[in-house]
Amino acid sequence: MPVTYRFDSNIIVVEMFSEYSMNDLRTAILNSLTDCEGPDNPSLLFNLGESRSIFIRSSEDINLVANFITSIAKRFNNRLAFVSSYDLPYGLMRFVSVRSGACGIESEVFRTYDEAREWLLS
């Protein structure tokens, strides 16, 4: 699966692997939020560590994802973390973080999963 999700405490972790479509990403996010095994009052973490698609996304694609995330923010308590050790995805997610912050979402971008997890659990 190019986009999967799992639960870690009260965090929904959405992980992207290799190449995936925007529909794959939206479907995984929505499925994670409606999964009966999921946590109450979750926060959301996007792990882009193995994503290859992020390197070929257009600015329009990035804007569409940002708009989608903003539209469902209440479902993850307006708390969102991004993880990428690569510079390009890290920078793109900084853009999404700033944009989502302007819409009331508390978000941060991290280089490691552990840093993001610690921040979300604090």
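The buried residues of α4 pack against β1 (3-8), β2 (11-18), β3, β4 and β5, where helices (H or I, at least four residues) and strands (E, at least two) are DSSP runs numbered from the N terminus, and contact means heavy atoms within 4.5 Å. This is a predicted model, in which local features need pLDDT of at least 70 and side-chain atom pairs count only at pLDDT 80 or more, while totals for chains, interfaces and linings use all residues. Residues are numbered from 1 along each chain as its sequence is written, and side-chain values use heavy atoms, with hydrogens and water left out.

In α4 (residues 113-121), the buried residues are Tyr 113, Ala 116, Trp 119 and Leu 120, buried meaning under 20% relative accessible area, exposed over 50% and partly exposed in between, with a 1.4 Å probe and protein chains only. Seen down the axis, they fall within an arc of 130 degrees, so they line one face of α4, the arc being that of the directions from the helix axis to the C-beta atoms. On the other side of α4, Asp 114 and Glu 118 are exposed.

Turning to α3, its buried residues are Pro 89, Met 93, Val 96, Ser 97 and Ser 100. They cover an arc of only 105 degrees around the axis, which puts them on the same side of α3, whereas Asp 87 and Val 98, on the other side, are exposed. Among the elements covering the buried residues of α3 are α2 (59-71) and β5 (106-110).
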